[in-house]
Amino acid sequence: MLRPQLSIRRSTIFICTLTTVFYFNFLSPIFVRKAQAQNVFERIGQMFNGSRAEGNASGRSRGGATRSQCSQINSNNLIALVSNNNGGLTTQDYPQFWFYLPFGGNSQSPPAKFRLLDEQKKSVLTKPLLFSLSEKKGIVSISLPSTEKPLLIGKKYHWYFKIACVNTQGSNTNISVNGWIQRVGASPKLVAQIKQTAYQHQYIPYAENNIWYETVSQLAQNRVANQQDWANLLSFFKLEEFVNSPVYELKLQK
C-alpha cells in the first residue's frame with residue numbers, strides 16, 4: 001500500500017508544480033506588460049510636466065481667436081502636442097510635429113504656415129512651408145520635407161505654426177502656436193532597445209529615453225494597438241474625445 005500512496009503523492013506534487021509553472025508563465029507577461037505600460041505613462045507624464053526652460057514660448061496655449069471672431073472655432077483652439085516646457089527632443093533629421101486642429105478646411109481655406117528658426121533666429125527653411133488643412137477637425141501631423149536642410153544633432157530650433165480662420169464678415173483671423181525642438185543622437189542603448197521591440201510598441205523605448213517627438217509619433221501611428229496609452233497622452237491636452245478618431249497628415253502645398 002505504501003508504494004501506490006507514494007506514487008499518488010508524487011503525481012499530485014508534479015501536477016501542482018506544473019500548474020504553478022503554467023500560471024506563472026502565462027500570467028507573468030500580462031503583469032510585465034501592465035507594469036511596463038504604467039512605467040511608460042509615468043515617463044510620458046514626467047516629460048510632459050517638465051519645467052519651462054525656453055522663454056515664453058506658447059506651444060500649449062490655445063490660439064487667440066474667439067468664437068465671435070471665427071464662428072467655425074469651438075471652445076478648443078489650436079493646440080500643439082508638446083510638453084509643458086514647449087520643448088522636446090528628437091533623433092530624426094526630418095521629424096513630425098503634431099497638433100490639434102480646431103476646424104476643418106476646404107479648397108478655399110487659407111493654408112497653415114510653418115516656420116523654423118535656429119537659435120540665432122535665422123530661418124532654417126528656404127521659405128515658410130504651407131500645408132492644406134484636413135477636411136475635419138482633429139489630431140493632425142506635419143513632416144519636414146527632405147528637400148529642406150536636416151536638423152543638426154545638438155542644435156535647438158524654434159518652430160511656429162499658424163492657421164487662419166474666416167469669420168462671419170469674411171476676413172481672416174490668425175491663430176498660432178510655437179515651441180522648441182532639439183535634435184540629439186540616438187544612443188547605442190536606444191538603438192538596441194528599438195531593435196528588440198516590436199514596431200507597434202517602439203514608442204516605449206523612445207519614452208524611456210525622454211525622446212518626446214518620436215514618442216508621440218510612434219504612439220499616434222500605433223494608437224489602435226495601444227489605445228490606453230494614446231488616451232493617456234491625449235488626456236494631457238483634454239482631447240480624450242478624439243481617442244477613437246482618425247488622425248490626418250497635412251499635405252504640403254507646392
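K238 sits in the loop between α5 (227–235) and β9. Its phi is near 60 degrees, a positive value in a residue other than glycine. K238 counts as exposed, at 60% relative accessibility. The model described here is predicted. Its protein chain has 254 residues, and 43% of them count as buried.

**Confidence**

- The mean pLDDT of the protein chain is 80. A pLDDT of 70 or more is reached by 72% of the residues.
- Residues 11–35 stay under 50 in pLDDT. For this stretch, the model has 2 contacts beyond four places in sequence.
- Residues 60–69 also have a pLDDT below 50. This stretch has 35 contacts in the model beyond near neighbours in sequence.
- Where pLDDT is low, the predicted coordinates should not be read in detail.

**Overall layout**

- The protein chain holds 5 helices and 9 strands.
- Read from the N terminus, the elements run α-β-β-β-β-β-β-β-β-α-α-α-α-β.
- Take the contacts in the protein chain with a separation of 6 or more: 69% of them involve residues 24 or more positions apart.
- The accessible surface of the protein chain is about 14300 Å². Carbon and sulfur atoms account for 53% of that surface.

- Strands of a sheet pair through backbone hydrogen bonds, either parallel or antiparallel.
- Strand β6 (residues 138–143) runs parallel to β9, and 2 bridges join them.
- V140 has Y248 in β9 as its bridge partner.

- Helix α4 covers residues 212–221. Of its 10 residues, 9 are buried, so the helix is largely enclosed by the rest of the structure.
- The buried residues of α4 are W212, Y213, E214, T215, V216, S217, Q218, L219 and A220.
- An α-helix has 3.6 residues a turn, so residues three or four places apart point the same way.
- N210 lies in the loop between α3 (203–208) and α4. The phi of N210 is near 65 degrees, a positive value in a residue other than glycine.
- N210 is partly exposed, with a relative accessible area of 34%.

**A buried loop residue: T91**

- T91 is placed in the loop between β2 (89–90) and β3 (96–101).
- Is T91 buried or exposed? T91 is buried: its relative accessible area is 10%, and buried means under 20%.
- The side chains of T91 and Q92 are joined by a polar contact of 3.2 Å.
- Which residues does T91 contact, leaving aside its neighbours within four places in sequence? They are R183, V184, A186, L190, Y206, I211 and E214.
- One of these contacts, E214, is among the buried residues of α4.

How values were computed
Residues are numbered from 1 along each chain as its sequence is written. Side-chain values use heavy atoms; hydrogens and water are left out. pLDDT is the predictor's confidence in each residue, from 0 to 100. Contact means heavy atoms within 4.5 Å. Helices (H or I, at least four residues) and strands (E, at least two) are DSSP runs, numbered from the N terminus. Buried means under 20% relative accessible area, exposed over 50%, partly exposed in between (1.4 Å probe, protein chains only). Accessible areas come from the Shrake-Rupley method with a 1.4 Å probe; for residues, only the protein chains shown count as cover. Two strands pair if DSSP finds at least two bridges between them. A polar contact is a pair of N or O atoms within 3.5 Å; within protein, one must be able to donate a hydrogen and the other to accept it, and residues adjacent in sequence count only if both atoms are side-chain atoms.
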